[in-house]
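Morning, everyone. I have one structure to walk you through today. Please have a look at it while I talk.

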Amino acid sequence: MTESTTESMTESTLCPRLPLAGFQRLHTRDPERARDVVSEAFCPHRLTALDGPRRFETRFHGTVRSRVSLCYLDYGGPVHIAPEEQATFYLVLMPLAGHARLGVGRDQAGYDATAAGVPPVDRGYTIRVGDASPHLVLRVSRSALEDQLRSFLGHPVTEPVRFRLHMDMKDPAVRSWRRVVDLLLDDIDDIGHRGRPAAEPPAMRRLEELLLSRWLLGQPNNYSAELHEPARGGPPQVIRAAAEYMAAHASEQLAVADIADHVGIGIRALQAGFREHLRTTPMTHLNEVRLRRARRELLAADRTSTVTEIALRCGFQHLGHFSVGYHRRFGERPSTTLRR
C-alpha cells in the first residue's frame, strides 16, 4: 500500500476510535514526511526515530485554528524532538498512554497519562517520547492567553506566562481544566464526524475562554500569586455601568471579559464588584436580564411568534437550558407563557 493511499483512507477503515479521526492530516512511516507536516502545524524541528524505521508510524489528526487547537499525534515508536525556539504559542502535551520527558536546559520533567508537559514559550526545549505513547496536544496562541490574563488582572501583561513544566492531572484544579479540554475535544470531534468544516460559534469561543481561565488559575505560573490575591471590587458607578452595558447588549454573546474590557477593569474586579454591590455574579445577572426580557416578549407575542425565535432574540443559544432556566425562574414553561 502506498503512503498516499494510506493517507487517504477514511476514518472508518483506518482508526475509528482515535481522537479527532475526522480531521486526519497524516498517516506515514516516513520520518521526513512526518517532520514536514507536523512542522507546518507547529514549528520547525528535528525529529529522530530512536528505534529506526522498525516501529515508526506517525498518525496526526487535528485542526489548527487561530486561538486554540487540539491535535492527536502518535509516532508509534520512540522519538526525540528538538523544536526551534518560537514565541507565538503555548503547548500542553498530554500522553494518552506510555510516557515522555520534557527537557529545558538542566530541568527535566517526566510525564505520562497521569500528567502533562508544558514547554516554555520563549526558550528552547527537547521532548523524548517513549514507545507507544500517543499524545493529545493542545496549542494555544500566546496572544489569546495573554489577552485572557490581561482581562483577569486589569493591566497589561509585560512578561510571558511561564508555567511549571510538569502538570499534575490528579490536582483538583487541573482535573477541572481537563474536563473543559474534553468538552472542547467532543465538540471538535462532533464537527469531524458530521463532515462539517470547523467553525468558531459563540459557544465554542466561550468554551475556549473557560479553558484559558482555568489553565491560568490551575497550573502554577509566574502570575499565580497575583491571580490568587483577593480582588478589590470595582466601585459602584463602574458596576452600574457594567449592568447598563449588559442590559443594552443582552442579545449578544457577551463574555465576562467583554464586559470587563468595556468598563475598564479586570475580570476579578468585576466579579468582586458584582458580589459586593449586587450580591450576584456578572453572568447570573446577565441571565436574569435575558430571562425577564424573554418573559416580556412571550407575554406580548402574537400567534405567529415561536419560543425559539424569542429565546434567540434575547441572547439564549441553548434552547434546552433556556427552557429549564425559565421554568425554574417563573414556575412555568416558555410555551405556556406564549399561549396566554
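Which element gives the largest share of the lining of the largest pocket? Helix H6 does, with nine residues. Keep in mind that this is a predicted model.

Let's stay with that pocket. Its volume is about 1000 Å³. The lining counts 33 residues. Nearest the centre of the largest pocket lie Arg-206, Leu-254, Ala-255, Val-256 and Met-283. Several helices give two or more residues to this lining: H4 (142-153), H6 (202-218), H9 (256-263), H10 (267-278), H11 and H13. By class, 17 of the lining residues are nonpolar, 11 are polar and five are charged.

Now, two of those helices also meet each other. H11 spans residues 282-300, and H13 spans residues 319-330. How do we describe such a pair? Two packed helices are described by the angle between their axes and by the distance between the axes. For H11 and H13, the angle is about 85° and the axes are 11 Å apart. Angles of 65 to 115 degrees count as roughly perpendicular, so H11 is roughly perpendicular to H13.

Who makes the contact? From H11, we have Glu-288, Leu-291, Arg-292, Ala-294, Arg-295 and Leu-298. From H13, we have Phe-322, Gly-325, Tyr-326, Arg-329 and Phe-330. Sort the residues of this contact by class and you get six nonpolar, one polar and four charged.

Next, the cavities. How many cavities of 30 Å³ or more are there? The count comes to one. About 230 Å³ of space lies in the largest cavity. Its lining has 17 residues, and the closest to the centre are Leu-73, Tyr-75, Ile-81, Leu-93 and Ile-127.

Here the lining draws on strands. E5 (79-83), E6 (89-95), E10 (126-129) and E11 (135-141) each supply at least two residues to the lining of the largest cavity. Strand E6 gives the largest share, three residues. How does this lining divide by class? There are 14 nonpolar residues, three polar and no charged ones.

Last, confidence. The mean pLDDT of the chain is 89. Of its residues, 92% reach 70 or more. Where is the pLDDT below 50? Look at residues 1-15. Beyond near neighbours in sequence, that stretch has 25 contacts in the model.

That's my tour. Over to you.

Notes. Residues are numbered from 1 along each chain as its sequence is written. This is a predicted model: local features need pLDDT of at least 70, side-chain atom pairs count only at pLDDT 80 or more; totals for chains, interfaces and linings use all residues. Side-chain values use heavy atoms; hydrogens and water are left out. Axes are lines fitted to C-alpha atoms, for helices over the stretch in contact, and angles run from 0 to 180 degrees between N-to-C directions. Helices (H or I, at least four residues) and strands (E, at least two) are DSSP runs, numbered from the N terminus. Angles under 35 degrees count as roughly parallel, over 145 as roughly antiparallel, 65 to 115 as roughly perpendicular and the rest as oblique. Contact means heavy atoms within 4.5 Å. Ala, Val, Leu, Ile, Met, Phe, Trp, Tyr, Cys and Pro count as nonpolar, Asp, Glu, Lys and Arg as charged, and the others, Gly among them, as polar. On a 1 Å grid over the protein atoms alone, a cavity is a set of points where a 1.4 Å probe fits but cannot get out, and a pocket is an open set with protein on both sides within 12 Å along at least five of seven lines; lining residues have an atom within 4 Å of a point. Grid points are joined across faces, edges and corners, and a volume is the space filled by probe spheres set on the points. pLDDT is the predictor's confidence in each residue, from 0 to 100.
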